Amino acid sequence: MMSTYHFRQIYIVLLLLLPLSTMLAPFSARSQGGFVLAWGDDGYGQTDVPAEATNIVAISAGYRHSVALRADGTVIGWGQLGAPSDATNIVAIDAGLFYDIAVRADGTVFGWGDNYYGQLNVPANATNVIAISAGTGHNIALRADGSIVAWGWNGFGQINVPASATNVVAVAAGSDFSLALRADGVLIRWGTGGAPATNEGLFAIAAGYWDGMALQSNGIVAGTSFSNAVSVAAGDYHKLALLADGSVVAWGQNTYGQTNVPMEATNVIAIAAGSYHNLAIVGPIVSAPLSIPYQVANGLAIKLPTLRGRRYLVDRKHDLRESNWQVWQRIVGDGITRQLLVQSTDSDRAFFRARQIP
């Protein structure tokens with residue numbers, strides 16, 4: 001029987017894996033990591049961040065548990081659900097209601113925890129995956145060619161991917177619905193519910209249990225007065241936005257203090273919302289997040305939110321096994337989001353990171 005407890009969240013990407021031979025490429029979570037800050041419901045220890053949660057580059061929150069990805073590709077979980085010892089060489093994670101799903105560097109998907117709806121039964125065509133989203137009982141995987149694969153619970157048609165979901169750059173799974181963001185900024189929605197305030201001109205998406213969230217390309221969180229945002233996250237009845245200055249805003253239900261953002265939430269580089277608790281990565285260096293790239297006439301473009309007067313280095317590797325990052329671009333911030341162009345003649349595969357420097 002379907003549980004009445006639900007959640008949803010997304011996490012921000014610190015690095016981007018760009019297979020330039022394709023039109024898209026959202027992500028890879030590899031960077032100098034930070035520490036995790038948690039607040040809200042702690043009934044199962046889901047906000048008791050363990051001491052070994054260090055050098056963290058990605059986070060996600062479920063109903064009664066939390067999960068984090070270290071820079072070395074290993075995973076740590078706490079609360080009602082931990083992480084298996086074979087969760088290694090991981091580049092992306094997401095937490096479902098009572099389960100977790102992950103992507104390995106080779107593009108394969110695996111998961112652990114509850115499998116009531118077959119959400120851990122990864123289909124054969126879920127290959128070359130570059131991003132993943134877990135809902136209450138279903139998953140959406142984004143492949144490098146911009147196509148998506150969905151599986152698990154289908155009580156409301158949430159895994160019936162529509163034909164218009166092509167050239168996708170981001171996915172988000174709620175409870176009864178699914179979302180996909182195309183490279184042209186258009187949102188595709190299927191299932192029941194989940195409609196955000198707008199479905200065009202978008203930069204990022206998130207899915208809560210009841211509804212979806214959309215971040216517009218101008219930094220405005222659709223349907224709110226919040227601006228200069230770089231990421232959004234949604235829980236059951238509350239929402240979060242990460243602003244370009246590294247601060248976090250929260251609104252909605254506050255039964256467990258989930259909208260009481262702690263004073264320590266500064267220099268934040270990633271956010272995640274569980275059912276009634278939140279996680280944030282506080283970076284040792286304030287790093288502006290790089291966006292999911294989108295296709296332009298002569299290559300791929302990446303958006304980098306900047307602060308006025310701050311300096312940034314954008315580094316690149318063609319292979320994570322290389323010992324050193326190479327400086328790709330130097331940016332002086334002017335308080336707006338800068339567009340960085342990756343020429344299509346560059347290497348077929350590259351990893352990028354953004355660093356704020358003194």
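Biologist: What share of the 358 residues of the chain count as buried?

Modeller: In this predicted model, 60% of them do.

Biologist: Why is Thr-259 called buried?

Modeller: Its relative accessible area is 16%. Buried means under 20%. Thr-259 falls under that cut-off, so it is called buried.

Biologist: Where does Thr-259 lie, and which residues does it touch?

Modeller: Thr-259 lies in the loop between strand S19 (248-252) and strand S20 (268-273). Leaving out residues up to four places away in sequence, Thr-259 touches His-238, Ala-250, Trp-251, Gly-252, Gln-253 and Asn-254. A contact here takes heavy atoms within 4.5 Å.

Biologist: How do you know that S2 and strand S21 pair?

Modeller: Pairing takes at least two bridges. S2 and S21 (residues 277-282) have six bridges, so they count as paired. The sense is antiparallel. Leu-37 stands opposite Ala-280 in S21.

Biologist: What is the strand order in the open sheet of three strands?

Modeller: The order is S2-S21-S20, with antiparallel pairing.

Biologist: What makes S2 and S20 edge strands?

Modeller: Strand S2 (35-40) and S20 each have a single partner strand, so one side of each is left without a neighbour in the sheet. From one strand to the next, the twist averages 20°.

Biologist: How many helices and strands are in the chain?

Modeller: Zero helices and 27 strands.

Biologist: What part of the contacts with a separation of 6 or more comes from residues 24 or more positions apart?

Modeller: Such residues account for 54% of those contacts in the chain.

Key. Residues numbered from 1 in each chain as written. Predicted model: local features only at pLDDT ≥ 70, side-chain atom pairs only at ≥ 80, totals over all residues. Heavy atoms only, no water. Helix = DSSP H or I, 4+ residues; strand = E, 2+ residues; numbered from the N terminus. Buried < 20%, exposed > 50% of the residue type's maximum accessible area, 1.4 Å probe, protein only. Axes fitted to C-alpha atoms, helices over the stretch in contact; angles between N-to-C directions.
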